[in-house]
Amino acid sequence: MLKVAIGADDAATELKNLIKEHLQQKEIEVVDFSHDVAGNEQMYPDIAFNLASSIREGTFERGLLCCGTGIGMAIVANKVPGVRAAQCHDVYSAERARKSNNAQIMTLGARVVGNELALMLVDVWLAAEFEAGRSGPKVKRIDYYETLVHPDSMTRAEE
């Protein structure tokens, strides 16, 4: 069973709840890292970092982060070594985030995409799998550059 982490700040609580319900209806296990969960009053950088760290640790296969634009969450999640987060606002980028870049996290902007489009992007992104073919060497190159910045950390490709 697929286990997905989800997180949102106060700008995207409504969208996060919609996505969470959508995933649960598909019998996907969802764990919520959001600011509104059980007194969790963290800012979006905390939410994104904690969720991305759980992806790195292997607790979850995929993660979804929502904020006003999706930009801030993507920036923070990409600070975690071995994690690739992609901001998506159209079907093609959601699919390619997985197929070409092996992104474990998709970020969405509640002020950028409507609810129906967001659900469509989530479905497309979850259905897509990494196609190592031509993209494999490029993702390995990303991992290589990451080891230059974080020499003491092992990237997912090296595990």
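Before I start, residues are numbered from 1 along each chain as its sequence is written, and side-chain values use heavy atoms, with hydrogens and water left out. Because this is a predicted model, local features need pLDDT of at least 70 and side-chain atom pairs count only at pLDDT 80 or more, while totals for chains, interfaces and linings use all residues.

In β3, 6 of the 6 residues are buried, so the strand is largely enclosed by the rest of the structure; buried here means under 20% relative accessible area, with exposed being over 50% and partly exposed in between, using a 1.4 Å probe and protein chains only. R62, L64 and C66 point one way from the strand, whereas G63, L65 and C67 point the other way.

What does β3 pair with? On one count, strand β1, residues 3–8, pairs with β3 in the parallel sense over 5 bridges, and A8 stands opposite C66. Strand β5, residues 105–109, also pairs with β3 in the parallel sense over 5 bridges, and there G109 is the bridge partner of C67. Pairing requires that DSSP finds at least two bridges between the two strands.

Now to the cysteines. A disulfide is a covalent bond between the sulfur atoms of two cysteines, and the rule applied here asks for a pair of cysteine sulfur atoms within 2.5 Å. A search of the whole structure finds 0 disulfides. For C67, the closest cysteine sulfur is that of C66, at 7.9 Å, which is too far for a bond. C88 is in no disulfide either, as its nearest cysteine sulfur, again in C66, is 11 Å away. Both sites are buried, C67 at 3% relative accessibility and C88 at 2%.

Finally, the rings. Rings of Phe, Tyr and Trp (its six-membered ring) pair if their centres lie within 6.5 Å, with planes under 30 degrees apart called stacked, over 60 edge-to-face and the rest tilted; by this rule there are 2 aromatic pairs. One of them joins F33 and F60, whose ring centres are 5.8 Å apart with planes at 75 degrees, so the pair is edge-to-face. F33 lies in the loop between β2 and α2, and F60 in the loop between α2 and β3, so the pair ties together parts 27 residues apart in sequence.

Definitions and conventions. Helices (H or I, at least four residues) and strands (E, at least two) are DSSP runs, numbered from the N terminus.
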